[in-house]
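Please take a moment to look over the sequence and the model before reading on. The paragraphs below lead you through them step by step.

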Amino acid sequence: MELPVWLKRKHSLQILLYAGLLIFVFVALLPFYWLFLASLTPQHQLFSIPPNYFPDLTLANFAALTQQIPFSTYLMNSLLFSGGSVLLSVILSFLAAYGFARINVPGSNALMLILVLSMALPPIVTVVPLFEVLRSLRMIDSLTGLTLVMGSVLIPFSVWVLVSFVKRVPVEMEEAAFMDGARLYQVLWYVVVPAMVPALVTIIIINFINAWNNLLFPLVFSHSVSSKTLTVSITEVFQARTPFGRPWGIISALGVTMVMPMIVLVLTAQKWIVSGLTRGSIK
Amino acid sequence: MVLFGSGKHGLPKRYLLFALFVGPALIVRIATSIYPVIHTFKLSLMRYNLMQQVRDFVGFGNFISIMQDPTFRSIIGFTLVFVASSTLFQLIFGMGVANLLNAKFVGRRIVRTINLIPWVIPMIVSAYAFRWLLTGDYGLISDWIVRITGYRPQLLLNATSARISLIVVNIWRNMPFMGLVILAGLQSIPEELYESAKMDGASWFRRFLHITMPASASTVVTLGLFNIIWQMSDIDLVLGVTQGGPGSATTVLAFRIYQHGMLWFDWGLASALSVMLVLLVTIVSLIGLSIFKKYQFTL
């Protein structure tokens with residue numbers, strides 16, 4: 001039986017759509033899937049040619065992770081580094097965004113343009129001079145120094161996003177609070193912050209992802225276990241050799257533990273991440 | 001909406017308030033970003049090597065030795081090819097992804113979430129994963145190529161295929177982000193506008209140029225531009241996938257700065273290369289600003 005033309009066209013479009021989706025999902029997830037499978041594969045099965053598509057499953061690589069490297073220290077450092085950078089950047093950016101959005105002084109727009117454009121300065125370019133600065137402050141190989149530098153890198157984007165959200169908070173509430181005799185810090189804490197909760201959560205998540213994934217600063221400024229993060233530790237494990245080649249078992253186990261928190265974040269907070277990245281233009 | 005405008009708050013008082021709010025962020029940025037970049041310009045005029053224990057003024061000596069170095073020309077060449085082809089393909093594929101994610105289908109929410117995954121996982125982890133997938137003897141992708149062609153490739157050991165591989169991995173990483181940003185643009189356009197342009201026979205490229213670009217919030221173009229600039233500044237990808245090799249075939253400018261500064265401790269030369277990267281970023285930013293002017297965007 002001949003199908004009507006419009007139905008055929010619609011069907012072939014549907015097939016095309018789902019084929020496209022399938023390819024897209026496959027490509028997007030391939031490296032992570034392989035990493036995940038490898039982290040559960042016994043070390044001796046990792047180097048077979050052709051690759052082992054259906055290996056035995058084991059948790060030995062994760063056990064090796066905690067035995068062969070100071071994993072818990074690195075994890076703690078990563079958490080402190082990311083958490084500290086988020087705290088610093090969000091507090092300073094929130095204040096700055098409020099200043100830019102609510103206080104009318106000549107030069108404010110130009111200053112904001114410079115601040116936002118400083119987002120374009122490549123961090124790699126600042127590394128050599130920062131080394132000198134941090135050394136003179138005795139902040140080389142210290143989580144405080146790393147947090148300061150990373151927090152600063154996160155500020156321009158945070159200000160850029162938060163300004164657009166502050167501008168959407170109706171100013172009348174703040175005016176009314178001032179009329180009732182509230183002080184500035186009270187207005188900020190009891191009126192502005194509650195109205196900004198979604199925006200703040202969004203920027204906290206995005207900044208956390210960025211700091212958690214940062215390799216450059218700890219790679220350059222950390223020299224000992226006391227301040228190295230997970231991203232640095234994976235580059236160190238990568239340098240090691242086993243009789244077969246690189247220790248892919250531990251590399252993939254470490255990779256999976258670094259990726260997992262990010263995947264959980266995306267699964268739970270996808271809507272917020274997207275709204276922050278696009279400054280609220282996608283819901 | 002301005003709260004502290006004119007009226008009972010005089011200008012000096014407003015400036016004081018402004019300084020209290022904006023000052024801390026500004027001071028941190030100046031100390032850790034703007035001052036270091038200016039200092040880099042100064043260091044670029046010095047012979048400054050920690051291994052040789054020298055630190056003296058040489059004028060443009062570093063720039064001259066960079067210009068005379070034939071590998072530097074290939075590094076600049078590859079950096080430009082890397083950025084240009086990554087950008088082009090990310091726009092094309094990003095457009096595809098955006099249209100895909102904009103279509104109506106079962107499970108759209110989960111696919112949109114999956115779209116974010118390449119962008120949120122640490123670059124160094126996906127870079128190592130790809131290095132493994134591409135390894136000649138036991139890599140997954142190599143295995144597929146063997147099964148299809150019967151020939152075992154050494155993708156990362158050959159200059160051309162290593163370069164292509166690096167660009168492909170970079171596209172893989174940034175395409176979803178581009179797609180997301182373009183999707184934001186698509187969703188801000190009224191359906192009818194697109195339909196009537198289609199009726200008039202406008203190609204997708206013309207629709208992109210004349211409808212998507214102008215109508216999408218300036219956010220889209222800003223993010224697209226910053227995304228390109230961030231790719232120029234990134235070292236994680238190269239460090240993980242190829243370490244700049246074979247030879248210096250896949251070394252981009254940013255990675256060269258890392259090598260000179262942090263592996264060979266030639267801080268003068270690293271600073272001179274940094275100045276060049278800043279110039280390159282400035283050129284791209286100026287192109288961006290001209291787009292802004294053309295469509296009358298604001299930040």
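In which sense do strand β1 (residues 46-49) of chain B and strand β2 (residues 54-57) of chain B pair, and over how many bridges? The two strands run in the antiparallel sense, and their pairing extends over four bridges. Within this pairing Asn49(B) stands opposite Val54(B), which belongs to β2(B). Together β1(B) and β2(B) make a hairpin, with four residues between them, and in the turn Gln53(B) has a positive phi of about 55°. Please keep in mind throughout that this is a predicted model.

The chain is divided into domain 1, covering residues 11-57, and domain 2, covering residues 67-295.

Some overall values complete the description of chain B. Its C-alpha atoms fill a box of roughly 75 × 65 × 35 Å along the principal axes, and 42% of the 299 residues of chain B count as buried. If we take the contacts in chain B between residues at least 6 apart in sequence, 66% of them join residues at least 24 apart.

We can now turn to chain A, in which there are 12 helices and zero strands. Chain A is also divided into two domains, with domain 1 spanning residues 5-60 and domain 2 spanning residues 70-239, and the centres of these domains of chain A, taken over C-alpha atoms, are separated by 37 Å. The radius of gyration of chain A is 24 Å, whereas a compact globule of 283 residues would have a value near 19 Å. The box filled by the C-alpha atoms of chain A, taken along the principal axes, is roughly 75 × 75 × 35 Å. Buried residues make up 45% of the 283 residues in chain A, and among the contacts in chain A with a separation of 6 or more, 75% are between residues 24 or more positions apart.

A single residue can show what such contacts look like from the inside. Asn77(A) has its place in helix α3 (residues 71-102) of chain A. Why does Asn77(A) count as buried? Asn77(A) is buried because 23 other C-beta atoms lie within 10 Å, and a residue needs 20 or more to be called buried. Leaving aside residues up to four places away in sequence, Asn77(A) touches Leu143(A), Ser227(A), Lys228(A) and Thr229(A). Asn77(A) and Val225(A) are 148 residues apart in sequence, but their C-alpha atoms are 9.0 Å apart in space.

Finally, consider how the two chains meet, where 82 residues of chain B are in contact with 82 residues of chain A. On the side of chain B that touches chain A, the largest share, 19 residues, comes from helix α1 (residues 11-43) of chain B. The residues of this side of chain B divide into 60 nonpolar, 16 polar and six charged.

Key
Residues are numbered from 1 along each chain as its sequence is written. Chains are lettered from A and ligands numbered from 1 in the order in which they are written. This is a predicted model: local features need pLDDT of at least 70, side-chain atom pairs count only at pLDDT 80 or more; totals for chains, interfaces and linings use all residues. Domain bounds come from an automatic or database domain assignment. A residue is buried if 20 or more other C-beta atoms lie within 10 Å of its own, exposed if 12 or fewer, and partly exposed in between; C-beta atoms are placed from the backbone. Two residues are in contact if their C-beta atoms, placed from the backbone, lie within 7 Å. Ala, Val, Leu, Ile, Met, Phe, Trp, Tyr, Cys and Pro count as nonpolar, Asp, Glu, Lys and Arg as charged, and the others, Gly among them, as polar. Two strands pair if DSSP finds at least two bridges between them. The radius of gyration is taken over C-alpha atoms; the globule rule is 2.2 Å times the number of residues to the power 0.38.
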